[in-house]
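Keep the sequence and the model open while reading.

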Amino acid sequence: MAKQHVVTTINGNAVEFLCDTRQTLLEVLRDELHMTGAKEGCGTGDCGACTVNIDGRMTCSCLFLGAEAQGKNINTIEGMAMGDKLHVLQRKFLEHAALQCGICTPGMLMAAKTLLDNNPDPTEEQTRYWLAGNLCRCTGYNQIIDAVLDAAKELRGAKA
Amino acid sequence: MSEMRYEAPKTAEAAVALLAGASGVAKVLAGGTDLLIQMRGGRVEPELVVDIKGIPEMRTITAENGGFRLGAAVTAMEMNEHAAFSKAWPGLTEAAMLIGSYQIKGRATVGGNLCNASPAADSVPALIAAGATATIVGPKGRRDAKVEDIATGPGKNSLAKGEIVVSFLLPARPANSGDAYLRFIPRTEMDIAVVGAGINLTLDGKGVCTAARVCLGAVAERALLVQPAADALIGTKVDDAAIAKMGAAVSAACRPIDDKRGTKAFRIKVSGVMARRAAAIALNRARGKN
């Protein structure tokens, strides 16, 4: 198999890896780098469980080759909490019971963080559309939307 | 499974040399939102993948001859964020922004949408209605082609071996012009067009339509540019009678299939409805309203 040498940045750390040219970034993260936060739901870009942030854009890591990661700045769910201190979004997901089985949660959190990075005061409708690419089969979404809007409110207050 | 070579050239000419020199299946990788799914499903097993996102002319939007040069590997999100481009071509921008989730819109490109040649591609009818020209680089050099001549049928395009679409020229916009794209899907988001309709028109100072292009998606083997529909608008004030005549011409031109997303009869009827609604939006834009 053709191996590709890739130098990239993941959660602020310089990372080098060898991957097969056919491997997706999701497979590299999980199988080569043992970062299993990003989940494979569908593997075809429909469910959003593998969402990571690449150069400021949220991206399905199942639709991104490992080889394409060369020189990119990647953020994953593993970089969201600061040690034991949860990110506001993570804490709000717990407070609002915005997860049950948890498979969608890492992707949901990465997508929600990208939303709040770009728009600190989203409407409920904007939030629902932004998260339309993240499927959850447990919660019915309302708790997730509540958690994201509550986190946005707290983050705005912290900045004021 | 055989080996696959991954290359990320920095110029279109270098990409063409790689593609033209490949002995087996060679594929262009832009946003990957179609190609990686096809690879995963085993429908395509490339020997070579050429990632063209390192080619500057394919990744930028620049002013040219009073219009815009749109790189073929510019993403839907980047088009939407380009204030001058999205203001000049709101219909085309909205069409691209209908493609998938925000994760997908951040990767998916107009060039990919065109060359993948799905009859239901959302950005393609809008691009054709806009009168865009594709610039193609190949082993014999550069050439220009009308966008409507690129896709030929489901998954098939007219590009020769080694050719890639590098950019599109969106022509200079006359005053009082507007474009719009609408599609029918049985839900509000995240679906494939059952019918799509793109319209672009220009009015003179008295409100008479001097130019129009009407293009439909998902009602034939490829996007359909419908001249009789445009003719129904040109020379009129785009009043209700003209719009009704245009809608009838649209329905008459459709040659759709029955499938799980819609029946033939439904598509023929709804194509006229979508075209009439899109014409009303394009008209308002040409008149300077929203």
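Which residues are linked in a network of salt bridges? A:Arg91, A:Lys92, A:Glu95, A:Asp150 and A:Glu154 are. A salt bridge here is a side-chain nitrogen of Lys or Arg within 4 Å of a carboxyl oxygen of Asp or Glu.

## Basis of the report

This is a predicted model, in which local features need pLDDT of at least 70 and side-chain atom pairs count only at pLDDT 80 or more, while totals for chains, interfaces and linings use all residues. Residues are numbered from 1 along each chain as its sequence is written, chains are lettered from A and ligands numbered from 1 in the order in which they are written, and side-chain values use heavy atoms, with hydrogens and water left out.

## The interface of chains A and B

In chain B, 28 residues are in contact with 29 residues of chain A. Contact means heavy atoms within 4.5 Å. The two chains bury about 2400 Å² between them. Of that area, 59% is on carbon and sulfur atoms. Buried area is the accessible area (1.4 Å probe) that two parts lose on being put together, summed over both.

Polar links also cross between the chains. There are 8 residue pairs in polar contact between chain B and chain A, both residues at pLDDT 80 or more. A polar contact is a pair of N or O atoms within 3.5 Å; within protein, one must be able to donate a hydrogen and the other to accept it, and residues adjacent in sequence count only if both atoms are side-chain atoms. Salt bridges between chain B and chain A number 4. B:Arg40 and A:Glu40 meet in a salt bridge through their side chains, at 3.4 Å from N to O. On the side of chain B that touches chain A, the elements that give two or more residues are helix H2 (35-40), helix H3 (76-81) and helix H6 (102-105) of chain B. Helices (H or I, at least four residues) and strands (E, at least two) are DSSP runs, numbered from the N terminus.

## A:Glu68 and chain B

A:Glu68 sits in the loop between strand S4 (57-60) and strand S5 (73-75) of chain A. Is A:Glu68 buried or exposed? A:Glu68 counts as buried because its relative accessibility is 4%. Buried means under 20% relative accessible area, exposed over 50%, and partly exposed in between (1.4 Å probe, protein chains only).

Which residues does A:Glu68 contact, leaving aside its neighbours within four places in sequence? They are B:Tyr6, B:Leu29, B:Ala30, B:Asp51, B:Lys53 and B:Arg107.

## Salt bridges within the chains

Side chains of opposite charge can pair when their charged atoms come close. Over all chains, the count comes to 25 salt bridges. One of them joins A:Lys113 and A:Asp117, with the closest N and O atoms 3.2 Å apart. Both residues lie in helix H3 of chain A, 4 residues apart, about one turn of the helix. A:Lys113 is partly exposed, at 26% relative accessible area. A:Asp117 counts as exposed, at 51%.

In chain B, the side chains of B:Glu148 and B:Arg213 meet in a salt bridge (3.1 Å, N to O). This pair links distant parts of the chain, 65 residues apart. B:Glu148 is in the loop between strand S7 (141-146) and strand S8 (151-153), and B:Arg213 is in strand S13 (residues 209-217). B:Glu148 is buried, with a relative accessible area of 15%. B:Arg213 counts as partly exposed, at 25%.

A:Leu86, A:Leu94 and A:Leu99 make a nonpolar surface patch of about 250 Å². Patches are made of residues with over 30% relative accessible area and no salt bridge: like charges are joined within 9 Å, nonpolar side chains (Val, Leu, Ile, Met, Phe, Trp, Tyr) within 5 Å. Accessible areas come from the Shrake-Rupley method with a 1.4 Å probe; for residues, only the protein chains shown count as cover. A:Leu99 lies in the loop between helix H2 (88-95) and helix H3 (105-118) of chain A. A:Leu99 is partly exposed, at 32% relative accessibility.

A:Ala97 is in the loop between H2 and H3 of chain A. Its phi is near 50 degrees, a positive value in a residue other than glycine. A:Ala97 counts as partly exposed, at 44% relative accessibility. B:Ala117 is not a glycine, yet has a positive phi of about 60 degrees. B:Ala117 lies in the loop between helix H7 (110-116) and helix H8 (123-129) of chain B. B:Ala117 is buried, with a relative accessible area of 3%.
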